[in-house]
Amino acid sequence: MMRSFLLGAVLAGLSLAAEAQPSLTVEKIMQDPDTWIGSSPTGPAWSEDGETLFFQWNPGGEFDADSLYRVSRDGGEPTKVSPKERRQVRATFSGWAHGQHRYDQSYRRKVFESDGDLHLWRRDTGRIVRLTRTTDRESDPRFTLDGTAVRYVRGDNLFELDLSTGAVSQLTDLRSGSEPKEREAVGRDAWLEAQQQDLFDVLSERSARRERAEEARDREREARQDPPVFRFGDGRIGSLDIDPTGRFVTFGVRDTGDEKRTIVQAYVTDSGYAEDLESRPKVGEDPVAQRFYIQDLARDTTFQVDFSTLPGAYDVAPAHRADEGVKVDSSRA
């Protein structure tokens, strides 16, 4: 029976089950009511070593919800995973993630996120080491090129964890809002302030002291190598990423506009009253603006990418489709 289940996993694209040789076809299994009463298995996932297949199942409909089962790659009867084991962190295979540095260069270690914390799996021992335990959510971990540290996202910023010392460094300092603007006196007010500075030495000394303190803070920040502060205004950070060399950071900002959404009434509710449910945006609504930025950590520079200036941005049929026989037409753009 379970060999046929492995065949289904093969059909779903799990190549590690290719060695399984089912004696029955999937069609025959699906037609057997004694076998498939209840929900069919879902969410198959291989253990990182390829020896065990985990999946959600509710055979016979005996549980209120699907339970976690496991089966050996050699087949046999599936067994239900105990609650204690189910709560343990497992490293499961989800593709080699080329270019994403989920594995180190030797593929002997893998870093992954589970329930908002980071973990490190070692292929030689199968041991899993927890790297973080916080109430914040850490996500999108990847190794540095030399494999000595792990970079990840927490909140709206990037961090780096040194695997040898456990030290955590903040790589970006992205903040909402705008830079505070200093009040600039003009006209009569500017003349009056200048006169006050000339007449009262104590005011001049206060102003000079403030400037020296600000310069000292800047020198301290440079000495600590703090990440550059960048305020992105109103909106939500998304697609935060860093290149493998650790120099360039890319991120998008989705503006929080007044997007009007379709309201749907729900009549079957616990309260007994009809309730409004927000659905998709109304047809014809302008899409919420999104901005894309590139930050150069080495030069302390951040600039916005304007995609509208790219050649062919407004072509109805872009130039890269010319090899398909599509003619470029900008007349209706």
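Is Glu 113 buried, partly exposed or exposed? In this predicted model, Glu 113 has a relative accessible area of 28%, so Glu 113 is partly exposed.

**Salt bridges**

The count of salt bridges comes to twelve. Three of them are listed here, including the one made by Glu 113.

| Glu 113 | Arg 137 | 3.9 Å |

Glu 113 and Arg 137 form a salt bridge. The two residues are 24 apart, with Glu 113 in strand S6 (residues 109-114) and Arg 137 in the loop between strand S8 (128-130) and strand S9 (138-143). Arg 137 is exposed, at 53% relative accessibility.

Because Asp 296 lies in strand S19 (residues 290-296) and Arg 247 in the loop between S15 and S16, the pair ties together parts that are 49 residues apart in sequence. Asp 296 is buried, at 3% relative accessible area, while Arg 247 is partly exposed, at 34%.

**The S15 and S16 hairpin**

Strand S15 (residues 236-242) runs antiparallel to strand S16 (residues 248-254), and five bridges join them. Five residues lie between the strands, and in this hairpin Gly 246 has a positive phi near 85°. Ile 237 is opposite Val 253 in S16.

**Nonpolar cores**

The largest nonpolar core has 13 residues; Ile 237 is one of those touching the most other members, as are Leu 158, Leu 174, Leu 240 and Phe 251. S15 and S16 each supply at least two residues of this core. A separate core of six residues includes Trp 46, Phe 55, Tyr 69 and Val 71.

Technical notes
Residues are numbered from 1 along each chain as its sequence is written. This is a predicted model: local features need pLDDT of at least 70, side-chain atom pairs count only at pLDDT 80 or more; totals for chains, interfaces and linings use all residues. Side-chain values use heavy atoms; hydrogens and water are left out. Two strands pair if DSSP finds at least two bridges between them. Helices (H or I, at least four residues) and strands (E, at least two) are DSSP runs, numbered from the N terminus. A nonpolar core is a set of buried Ala, Val, Leu, Ile, Met, Phe, Trp, Tyr and Cys residues joined through side-chain atoms within 4.5 Å. Buried means under 20% relative accessible area, exposed over 50%, partly exposed in between (1.4 Å probe, protein chains only). A salt bridge is a side-chain nitrogen of Lys or Arg within 4 Å of a carboxyl oxygen of Asp or Glu.
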